[in-house]
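Here is a short note to read alongside the coordinates.

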Amino acid sequence: MSVLCIVPSARAAARASRRLCDAQDGILFGPQVSTLDRLAGAILSERGDRRPVLSPLAERLLVLRAAAGAGGPFAGAPPGGGLATSLATAVAELRRGEVGAEDARSAAEDLEGGPRDRLLALAAVLAVFEAALAGLGVLDRPAALRAAADAARRRSRGIADGPDLLVVDGIATTSPAERDLLAGLAAGARRARFHLPHFPERPDLCAPAEPLLRAVEALHEAAARREIDVVLPSIEGEGRARRLSTLLAAFAGGTTPARPEAGAAGLVLAEAGAGE
């Protein structure tokens, strides 16, 4: 049975791969653990899309080039300065949210004074950046995820055909393209299992995970002959979840019970490890 586990970062993927390797007596066949970025590249390669995906540094340099071309207050910002960092972050957030230059210009019309001028200047940079991506024939991270999501939705060959079991663990805050990619991968898998950090009793804490949960619920309703599981932790759960919440509360400066409750088994012991 083929299994694919998707985790939020390369570090988490390395850790999970080591644990899987240990659990399988030192044998690990194939990339059983991956990230959305790696999967996007693999799906585009399977599709025959040869457009390169820019690295974070290349994206930042292209944003500064776009700022120089757009003129305005962002032109000539030092590459290592705070203004360049803020500009690159703003453009990345707009791209991740799939907000285009025209959308930003439309939003600026409802503002006045300095905020309106700054948003218009940012929209101008975004327009030049979008044109530069098309002119150079390259993709930034949001564009790569969107292209991979579209390919997965069309049930393309290769990874997008889906494994027997897909496990999504540790991913909470997602962009529209990331949600569509996860939905496309789950639609191609025979069974999908989502571990979401969503606490129904504390909606104020888990609001970032709400869009992904709703997307999974919609996928579950539309799935045919597929099994889709959603595992939600519980703050007030018994056993291990209860002991872990007590441990985290103690680390955060909260209070812990003076003595174990009736029926509680054992104590919580913690020791910091290297890199933890």
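1. Start with helix α6, residues 113-136, in this predicted model. At 1.5 Å a residue, its 24 residues should span 34 Å. The end C-alpha atoms lie 35 Å apart, so the two values agree.

2. Which residues of α6 are buried? They are Leu 119, Ala 121, Leu 122, Ala 123, Val 125, Leu 126, Phe 129, Ala 132 and Leu 133. Their cover includes α3 (56-70), α4 and α5. Just after α6 comes Gly 137, with a positive phi of about 70°.

3. Now the overall content. The chain has 10 helices and five strands. Of its 276 residues, 34% count as buried. Take the contacts between residues at least 6 apart in sequence: 74% of them join residues at least 24 apart.

4. Next, α2 against α7. Two packed helices are described by the angle between their axes and the distance between the axes. The axes of α2 and α7 come within 9 Å and cross at roughly 60°. The crossing of α2 and α7 is left-handed. On the α2 side, the contact uses Leu 36, Asp 37, Ala 40, Ile 43, Leu 44 and Arg 47. On the α7 side, Arg 141, Ala 144, Leu 145, Ala 147, Ala 148 and Ala 151 meet them.

5. Helix α7 also packs on α8. Here the axes come within 8 Å and cross at roughly 30°. Angles under 35 degrees count as roughly parallel, so α7 and α8 are roughly parallel to each other. Their crossing is left-handed. From α7, the contact is made by Arg 141, Pro 142, Leu 145, Arg 146, Ala 148, Ala 149, Ala 152 and Arg 153. From α8, the partners are Pro 176, Ala 177, Glu 178, Asp 180, Leu 181, Gly 184 and Leu 185.

6. On to the cores. In soluble globular proteins, nonpolar side chains tend to be buried together. The largest nonpolar core here has 29 residues. Ile 6, Leu 166, Leu 181 and Phe 194 touch the most other members. Elements giving two or more residues to this core are β1 (3-6), α2, α7 (141-153), β3 (165-169), α8 (176-188), β4 (191-195) and α9 (210-222). The largest share, six residues, comes from α8. Apart from this core lies another, of 22 residues, including Leu 54, Ala 104, Ala 132 and Leu 133.

7. Look closely at Phe 194. What does Phe 194 contact, leaving aside neighbours within four places in sequence? The list is Val 168, Leu 182, Ala 186, Val 216, Ile 228, Asp 229, Val 230 and Val 231.

8. Thr 35 sits in the loop between β2 (33-34) and α2 (36-47). Is Thr 35 buried or exposed? Its relative accessible area is 7%, so Thr 35 is buried. Not counting residues up to four places away in sequence, Thr 35 touches Ile 6, Val 7, Pro 8, Ser 9, Ala 10 and Ala 13.

9. Last, check Glu 98, in the loop between α4 (82-96) and α5 (101-108). Glu 98 has a positive phi of about 60° although it is not a glycine. At 39% relative accessibility, Glu 98 counts as partly exposed.

Technical notes:
Residues are numbered from 1 along each chain as its sequence is written. This is a predicted model: local features need pLDDT of at least 70, side-chain atom pairs count only at pLDDT 80 or more; totals for chains, interfaces and linings use all residues. Side-chain values use heavy atoms; hydrogens and water are left out. Helices (H or I, at least four residues) and strands (E, at least two) are DSSP runs, numbered from the N terminus. Buried means under 20% relative accessible area, exposed over 50%, partly exposed in between (1.4 Å probe, protein chains only). Contact means heavy atoms within 4.5 Å. A nonpolar core is a set of buried Ala, Val, Leu, Ile, Met, Phe, Trp, Tyr and Cys residues joined through side-chain atoms within 4.5 Å. The expected span of a helix is 1.5 Å times one less than its number of residues. Axes are lines fitted to C-alpha atoms, for helices over the stretch in contact, and angles run from 0 to 180 degrees between N-to-C directions. A crossing is left-handed if the near helix is turned anticlockwise from the far one by less than a right angle, and right-handed if clockwise. Angles under 35 degrees count as roughly parallel, over 145 as roughly antiparallel, 65 to 115 as roughly perpendicular and the rest as oblique.
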